[in-house]
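Hello,

Here is the structure we talked about. Please open it first, then read my notes below.

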Amino acid sequence: MAPMAGVADRAMRELCLSYGAAGVVGEMVSAKGFSMGDRKSAELLTLTENEHPAAIQLFGDNPEILAKAAQMALSYQPDWLDINMGCPAPKIAGNGGGSALLKTPQLAEEIARAVVKAVDIPVTVKIRTGWDDNSINCVEMAKRLEDAGVAAITIHGRTKDQMYAPPINYDAIRCVKEAVSVPVIGNGDIVDGPTASAMLERTGCDAVMVGRGAQGRPWVFHQINAYMSETRILPEPPVSERMRVMIKHVEKICEYKGDYVGMREARKHAAWYIKGMRGAAGFRRDIGLLSSMEELQVLALRIIEASKNEEE
(Lines give C-alpha, C1' and ligand atoms only; values in the text may rest on other atoms or scores of the structure.)
Protein backbone atom coordinates (compact mmCIF):
# COMPACT_ATOMS: atom_id res chain seq x y z
CA MET A 1 0.00 0.00 0.00
CA ALA A 2 1.29 3.42 -0.98
CA PRO A 3 2.19 6.08 1.61
CA MET A 4 -0.83 8.30 1.01
CA ALA A 5 -0.83 11.45 3.15
CA GLY A 6 -3.99 11.68 5.23
CA VAL A 7 -5.02 8.17 4.22
CA ALA A 8 -2.35 5.58 5.05
CA ASP A 9 -2.85 5.79 8.80
CA ARG A 10 -2.84 2.96 11.32
CA ALA A 11 -6.45 1.92 10.65
CA MET A 12 -5.94 1.83 6.88
CA ARG A 13 -2.65 -0.03 7.15
CA GLU A 14 -4.12 -2.74 9.36
CA LEU A 15 -7.12 -3.14 7.06
CA CYS A 16 -5.06 -3.44 3.87
CA LEU A 17 -2.74 -6.00 5.45
CA SER A 18 -5.75 -8.05 6.53
CA TYR A 19 -6.79 -8.20 2.86
CA GLY A 20 -3.42 -9.51 1.73
CA ALA A 21 -1.22 -6.47 1.09
CA ALA A 22 2.40 -7.66 1.02
CA GLY A 23 3.43 -4.58 3.00
CA VAL A 24 2.36 -1.05 3.84
CA VAL A 25 4.08 2.34 3.91
CA GLY A 26 2.95 4.93 6.41
CA GLU A 27 2.15 8.59 5.79
CA MET A 28 5.19 10.69 4.95
CA VAL A 29 6.85 12.44 7.87
CA SER A 30 9.07 15.52 7.79
CA ALA A 31 12.58 14.50 8.77
CA LYS A 32 13.23 18.03 10.00
CA GLY A 33 10.09 18.22 12.11
CA PHE A 34 10.56 14.75 13.56
CA SER A 35 14.23 15.27 14.40
CA MET A 36 13.29 18.47 16.24
CA GLY A 37 10.75 16.66 18.40
CA ASP A 38 7.51 17.48 16.58
CA ARG A 39 4.76 15.58 18.39
CA LYS A 40 2.52 15.13 15.35
CA SER A 41 5.37 13.51 13.42
CA ALA A 42 5.94 11.04 16.24
CA GLU A 43 2.25 10.08 16.21
CA LEU A 44 2.39 9.39 12.47
CA LEU A 45 5.34 7.03 12.96
CA THR A 46 3.71 4.74 15.52
CA LEU A 47 3.37 1.14 14.35
CA THR A 48 1.37 -1.59 16.08
CA GLU A 49 1.83 -5.35 16.14
CA ASN A 50 -0.94 -5.78 13.55
CA GLU A 51 0.70 -3.70 10.83
CA HIS A 52 3.79 -5.50 9.64
CA PRO A 53 5.56 -5.65 7.24
CA ALA A 54 5.51 -1.85 7.40
CA ALA A 55 7.76 1.02 6.43
CA ILE A 56 8.13 4.52 7.77
CA GLN A 57 8.48 7.17 5.06
CA LEU A 58 10.56 10.31 5.57
CA PHE A 59 10.93 13.41 3.39
CA GLY A 60 13.32 16.34 3.35
CA ASP A 61 16.29 17.77 1.48
CA ASN A 62 19.16 17.60 4.00
CA PRO A 63 21.25 14.39 4.15
CA GLU A 64 22.36 14.89 7.77
CA ILE A 65 18.85 15.64 9.04
CA LEU A 66 17.38 12.68 7.14
CA ALA A 67 20.08 10.38 8.53
CA LYS A 68 19.36 11.58 12.07
CA ALA A 69 15.58 11.16 11.59
CA ALA A 70 16.13 7.68 10.15
CA GLN A 71 18.09 6.63 13.23
CA MET A 72 15.38 8.03 15.50
CA ALA A 73 12.69 6.24 13.49
CA LEU A 74 14.24 2.87 14.30
CA SER A 75 12.72 3.07 17.78
CA TYR A 76 9.30 2.55 16.15
CA GLN A 77 10.53 -0.79 14.77
CA PRO A 78 9.73 -0.42 11.05
CA ASP A 79 10.65 -3.31 8.77
CA TRP A 80 12.25 -0.86 6.36
CA LEU A 81 12.59 2.88 5.77
CA ASP A 82 11.39 4.71 2.66
CA ILE A 83 12.52 8.11 1.41
CA ASN A 84 10.00 10.23 -0.46
CA MET A 85 11.48 11.68 -3.65
CA GLY A 86 8.24 11.79 -5.62
CA CYS A 87 5.55 13.77 -3.80
CA PRO A 88 4.27 16.51 -6.16
CA ALA A 89 2.44 18.56 -3.51
CA PRO A 90 3.55 22.23 -3.67
CA LYS A 91 4.16 22.47 0.10
CA ILE A 92 6.59 19.53 -0.12
CA ALA A 93 8.25 20.05 -3.52
CA GLY A 94 8.27 23.81 -3.03
CA ASN A 95 10.53 23.38 -0.02
CA GLY A 96 13.05 21.14 -1.76
CA GLY A 97 11.65 17.77 -0.67
CA GLY A 98 9.64 15.09 -2.48
CA SER A 99 9.71 15.41 -6.26
CA ALA A 100 11.97 18.49 -6.12
CA LEU A 101 14.85 16.06 -5.59
CA LEU A 102 14.28 14.83 -9.16
CA LYS A 103 15.87 18.15 -10.20
CA THR A 104 18.96 17.53 -8.04
CA PRO A 105 20.04 13.90 -8.61
CA GLN A 106 23.38 14.45 -6.87
CA LEU A 107 21.65 15.62 -3.70
CA ALA A 108 19.16 12.75 -3.96
CA GLU A 109 22.07 10.30 -4.08
CA GLU A 110 23.73 11.95 -1.09
CA ILE A 111 20.52 11.71 0.92
CA ALA A 112 20.05 8.04 0.08
CA ARG A 113 23.67 7.25 0.91
CA ALA A 114 23.47 9.05 4.25
CA VAL A 115 20.29 7.23 5.29
CA VAL A 116 21.58 3.82 4.17
CA LYS A 117 24.74 4.39 6.20
CA ALA A 118 22.77 5.53 9.26
CA VAL A 119 20.52 2.47 9.73
CA ASP A 120 20.79 -1.30 9.73
CA ILE A 121 17.47 -2.05 8.02
CA PRO A 122 16.64 -1.85 4.28
CA VAL A 123 16.16 1.61 2.79
CA THR A 124 13.95 2.16 -0.25
CA VAL A 125 13.13 5.27 -2.28
CA LYS A 126 9.99 6.36 -4.10
CA ILE A 127 10.45 8.51 -7.22
CA ARG A 128 8.57 9.68 -10.30
CA THR A 129 9.62 9.53 -13.95
CA GLY A 130 10.92 13.10 -13.80
CA TRP A 131 10.02 16.71 -13.03
CA ASP A 132 8.30 17.29 -16.38
CA ASP A 133 8.19 15.87 -19.92
CA ASN A 134 11.44 17.64 -20.77
CA SER A 135 13.35 16.11 -17.87
CA ILE A 136 12.56 12.38 -17.70
CA ASN A 137 15.53 11.32 -15.59
CA CYS A 138 14.25 8.32 -13.63
CA VAL A 139 16.94 6.00 -15.05
CA GLU A 140 19.74 8.30 -13.87
CA MET A 141 18.02 8.65 -10.50
CA ALA A 142 17.61 4.90 -10.15
CA LYS A 143 21.26 4.20 -10.97
CA ARG A 144 22.41 6.79 -8.46
CA LEU A 145 20.11 5.39 -5.79
CA GLU A 146 21.32 1.86 -6.45
CA ASP A 147 24.92 3.07 -6.14
CA ALA A 148 23.97 4.67 -2.82
CA GLY A 149 22.90 1.27 -1.52
CA VAL A 150 19.10 1.37 -1.52
CA ALA A 151 17.35 -1.99 -1.33
CA ALA A 152 14.52 -1.23 -3.79
CA ILE A 153 13.04 1.60 -5.85
CA THR A 154 9.38 2.44 -6.31
CA ILE A 155 8.53 4.48 -9.38
CA HIS A 156 5.24 6.25 -10.02
CA GLY A 157 4.85 6.34 -13.78
CA ARG A 158 4.14 10.07 -14.03
CA THR A 159 6.12 13.29 -13.89
CA LYS A 160 5.73 15.82 -11.12
CA ASP A 161 3.92 18.15 -13.54
CA GLN A 162 1.37 15.45 -14.37
CA MET A 163 0.38 15.10 -10.71
CA TYR A 164 -2.18 12.29 -11.13
CA ALA A 165 -3.33 12.94 -14.69
CA PRO A 166 -3.09 10.16 -17.30
CA PRO A 167 -1.27 8.51 -18.92
CA ILE A 168 1.14 6.20 -17.08
CA ASN A 169 4.61 5.97 -18.66
CA TYR A 170 5.15 2.19 -18.62
CA ASP A 171 8.22 2.53 -20.86
CA ALA A 172 10.01 4.67 -18.29
CA ILE A 173 9.35 2.13 -15.54
CA ARG A 174 10.61 -0.66 -17.81
CA CYS A 175 13.78 1.31 -18.53
CA VAL A 176 14.40 1.72 -14.80
CA LYS A 177 13.89 -2.01 -14.26
CA GLU A 178 16.38 -2.81 -17.02
CA ALA A 179 18.93 -0.31 -15.67
CA VAL A 180 19.24 -1.55 -12.08
CA SER A 181 19.57 -4.88 -10.31
CA VAL A 182 17.62 -3.99 -7.15
CA PRO A 183 13.86 -4.73 -7.08
CA VAL A 184 11.66 -2.16 -8.80
CA ILE A 185 8.08 -1.53 -7.69
CA GLY A 186 5.63 -0.10 -10.23
CA ASN A 187 3.03 2.44 -9.12
CA GLY A 188 0.21 4.33 -10.81
CA ASP A 189 -3.43 3.61 -11.73
CA ILE A 190 -3.45 0.09 -10.27
CA VAL A 191 -7.05 -0.58 -9.28
CA ASP A 192 -7.57 -4.32 -9.75
CA GLY A 193 -6.02 -7.60 -10.89
CA PRO A 194 -5.83 -6.79 -14.61
CA THR A 195 -4.21 -3.37 -14.07
CA ALA A 196 -1.70 -4.90 -11.64
CA SER A 197 -0.93 -7.64 -14.15
CA ALA A 198 -0.52 -5.08 -16.95
CA MET A 199 1.98 -3.12 -14.85
CA LEU A 200 4.05 -6.24 -14.21
CA GLU A 201 3.90 -7.49 -17.79
CA ARG A 202 4.56 -4.14 -19.51
CA THR A 203 7.43 -3.09 -17.23
CA GLY A 204 8.95 -6.31 -15.88
CA CYS A 205 8.83 -4.77 -12.41
CA ASP A 206 9.02 -6.99 -9.35
CA ALA A 207 5.94 -5.79 -7.46
CA VAL A 208 3.19 -3.20 -7.62
CA MET A 209 2.17 -0.47 -5.22
CA VAL A 210 -1.49 0.48 -4.87
CA GLY A 211 -2.47 4.00 -3.84
CA ARG A 212 -5.79 5.62 -4.73
CA GLY A 213 -7.11 2.24 -5.94
CA ALA A 214 -7.32 1.18 -2.29
CA GLN A 215 -9.30 4.22 -1.12
CA GLY A 216 -12.68 2.87 -0.05
CA ARG A 217 -11.58 -0.51 -1.44
CA PRO A 218 -9.06 -2.17 0.90
CA TRP A 219 -10.14 -5.55 -0.55
CA VAL A 220 -8.35 -4.60 -3.79
CA PHE A 221 -5.28 -6.47 -2.52
CA HIS A 222 -7.32 -9.66 -2.23
CA GLN A 223 -8.59 -9.11 -5.77
CA ILE A 224 -5.06 -8.56 -7.11
CA ASN A 225 -3.67 -11.63 -5.36
CA ALA A 226 -6.48 -13.82 -6.70
CA TYR A 227 -5.87 -12.59 -10.23
CA MET A 228 -2.11 -12.97 -10.06
CA SER A 229 -2.21 -16.48 -8.57
CA GLU A 230 -5.25 -17.97 -10.29
CA THR A 231 -6.29 -15.44 -12.99
CA ARG A 232 -9.57 -15.09 -11.10
CA ILE A 233 -11.43 -11.79 -11.35
CA LEU A 234 -13.18 -11.31 -8.03
CA PRO A 235 -16.24 -9.05 -8.18
CA GLU A 236 -16.67 -6.01 -5.96
CA PRO A 237 -18.23 -6.99 -2.62
CA PRO A 238 -21.99 -6.50 -2.26
CA VAL A 239 -23.14 -3.19 -0.83
CA SER A 240 -23.85 -4.76 2.57
CA GLU A 241 -20.25 -6.00 2.83
CA ARG A 242 -18.85 -2.66 1.68
CA MET A 243 -20.82 -0.93 4.42
CA ARG A 244 -19.64 -3.47 7.02
CA VAL A 245 -16.01 -2.82 6.10
CA MET A 246 -16.60 0.93 6.07
CA ILE A 247 -18.00 0.85 9.61
CA LYS A 248 -15.14 -1.37 10.81
CA HIS A 249 -12.66 1.04 9.21
CA VAL A 250 -14.20 4.12 10.83
CA GLU A 251 -14.44 2.39 14.22
CA LYS A 252 -10.69 1.79 14.05
CA ILE A 253 -9.99 5.41 13.09
CA CYS A 254 -12.04 6.59 16.09
CA GLU A 255 -10.32 4.08 18.37
CA TYR A 256 -6.90 5.44 17.43
CA LYS A 257 -7.68 9.14 17.02
CA GLY A 258 -10.78 9.76 19.13
CA ASP A 259 -14.35 10.35 17.97
CA TYR A 260 -13.99 14.04 17.14
CA VAL A 261 -11.07 13.64 14.75
CA GLY A 262 -12.16 10.16 13.65
CA MET A 263 -15.63 11.16 12.48
CA ARG A 264 -14.33 14.10 10.51
CA GLU A 265 -11.79 11.87 8.80
CA ALA A 266 -14.56 9.32 8.27
CA ARG A 267 -16.30 11.68 5.85
CA LYS A 268 -13.74 11.28 3.07
CA HIS A 269 -13.44 7.52 3.63
CA ALA A 270 -17.22 7.04 3.56
CA ALA A 271 -17.40 9.02 0.30
CA TRP A 272 -14.83 6.63 -1.20
CA TYR A 273 -16.70 3.55 0.03
CA ILE A 274 -19.90 4.58 -1.78
CA LYS A 275 -18.19 5.75 -4.97
CA GLY A 276 -19.88 4.35 -8.04
CA MET A 277 -23.13 3.42 -6.27
CA ARG A 278 -26.41 4.68 -7.62
CA GLY A 279 -27.55 7.65 -5.58
CA ALA A 280 -24.05 8.28 -4.25
CA ALA A 281 -24.30 12.02 -4.86
CA GLY A 282 -27.27 12.30 -2.51
CA PHE A 283 -25.61 10.24 0.19
CA ARG A 284 -22.43 12.32 -0.07
CA ARG A 285 -24.34 15.34 1.20
CA ASP A 286 -25.25 13.41 4.35
CA ILE A 287 -21.70 12.07 4.66
CA GLY A 288 -20.41 15.64 4.78
CA LEU A 289 -22.40 16.20 7.97
CA LEU A 290 -21.42 13.02 9.84
CA SER A 291 -20.44 13.55 13.47
CA SER A 292 -21.08 10.22 15.23
CA MET A 293 -20.84 6.45 14.70
CA GLU A 294 -24.59 6.21 15.21
CA GLU A 295 -25.18 8.55 12.27
CA LEU A 296 -22.79 6.52 10.13
CA GLN A 297 -24.56 3.26 11.02
CA VAL A 298 -27.96 4.73 10.17
CA LEU A 299 -26.60 6.03 6.87
CA ALA A 300 -25.08 2.64 6.06
CA LEU A 301 -28.47 0.98 6.60
CA ARG A 302 -30.11 3.54 4.29
CA ILE A 303 -27.50 2.83 1.62
CA ILE A 304 -28.06 -0.93 1.94
CA GLU A 305 -31.84 -0.49 1.71
CA ALA A 306 -31.49 1.73 -1.33
CA SER A 307 -29.37 -0.92 -3.04
CA LYS A 308 -31.98 -3.59 -2.27
CA ASN A 309 -34.75 -1.43 -3.74
CA GLU A 310 -32.67 -0.90 -6.85
CA GLU A 311 -32.20 -4.67 -7.26
CA GLU A 312 -35.96 -5.24 -6.93
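Let me begin with the surface. The accessible surface of the protein comes to about 14100 Å². Carbon and sulfur atoms account for 51% of that area. Bear in mind that this is a predicted model.

**Overall build**

The protein has 14 helices and eight strands. Its C-alpha trace spans about 60 × 45 × 35 Å along the principal axes. Does the radius of gyration point to a compact globule, or away from one? A compact globule of 312 residues would have a value near 20 Å, and the protein has 20 Å, so the two agree.

Of the 312 residues, 54% count as buried. Now take the contacts between residues at least 6 apart in sequence: 67% of them join residues at least 24 apart.

The charges come next. There are 36 positive and 40 negative ones, and their mean positions are 4 Å apart.

**The cores**

The largest nonpolar core holds 68 residues. Which members touch the most others? They are Met1, Met85, Ile127, Leu145 and Phe221. Neighbours within four places in sequence aside, Phe221 is in contact with Met1, Cys16, Tyr19, Gly20, Ala21, Val210 and Ala214. There is also a second, separate core of 26 residues, with Val239, Met243, Cys254 and Ile303 among them.

Find Ala152 in strand E6, which covers residues 152–159. Is Ala152 buried or exposed? Its relative accessibility is 9%, and buried means under 20%, so Ala152 counts as buried. Leaving out neighbours within four places in sequence, Ala152 is in contact with Val123, Thr124, Val125, Val182 and Pro183. Val125 is 27 residues away along the chain, yet the two C-alpha atoms are separated by 6.8 Å.

Most residues other than glycine have a negative phi, and most peptide bonds are trans.

- The peptide bond from His52 to Pro53 is cis, with omega near 0°. Pro53 lies in the loop between helix H3 (39–45) and strand E3 (54–59).
- The bond from Pro166 to Pro167 is cis too, again with omega near 0°. Pro167 sits in the loop between E6 and helix H8 (170–179).
- Met163 has a positive phi, near 55°. Met163 is in the loop between E6 and H8, and is partly exposed at 32% relative accessibility.
- Asp189 has a positive phi of about 60°. Its loop runs between strand E7 (184–187) and helix H9 (193–203). Asp189 is partly exposed, with a relative accessible area of 33%.

Best wishes

Key:
Residues are numbered from 1 along each chain as its sequence is written. This is a predicted model: local features need pLDDT of at least 70, side-chain atom pairs count only at pLDDT 80 or more; totals for chains, interfaces and linings use all residues. Side-chain values use heavy atoms; hydrogens and water are left out. Helices (H or I, at least four residues) and strands (E, at least two) are DSSP runs, numbered from the N terminus. The radius of gyration is taken over C-alpha atoms; the globule rule is 2.2 Å times the number of residues to the power 0.38. Buried means under 20% relative accessible area, exposed over 50%, partly exposed in between (1.4 Å probe, protein chains only). Contact means heavy atoms within 4.5 Å. Accessible areas come from the Shrake-Rupley method with a 1.4 Å probe; for residues, only the protein chains shown count as cover. Lys and Arg count as positive and Asp and Glu as negative; His and the chain ends are not counted. The place of a charge is taken as NZ of Lys, CZ of Arg, CG of Asp or CD of Glu. A nonpolar core is a set of buried Ala, Val, Leu, Ile, Met, Phe, Trp, Tyr and Cys residues joined through side-chain atoms within 4.5 Å.
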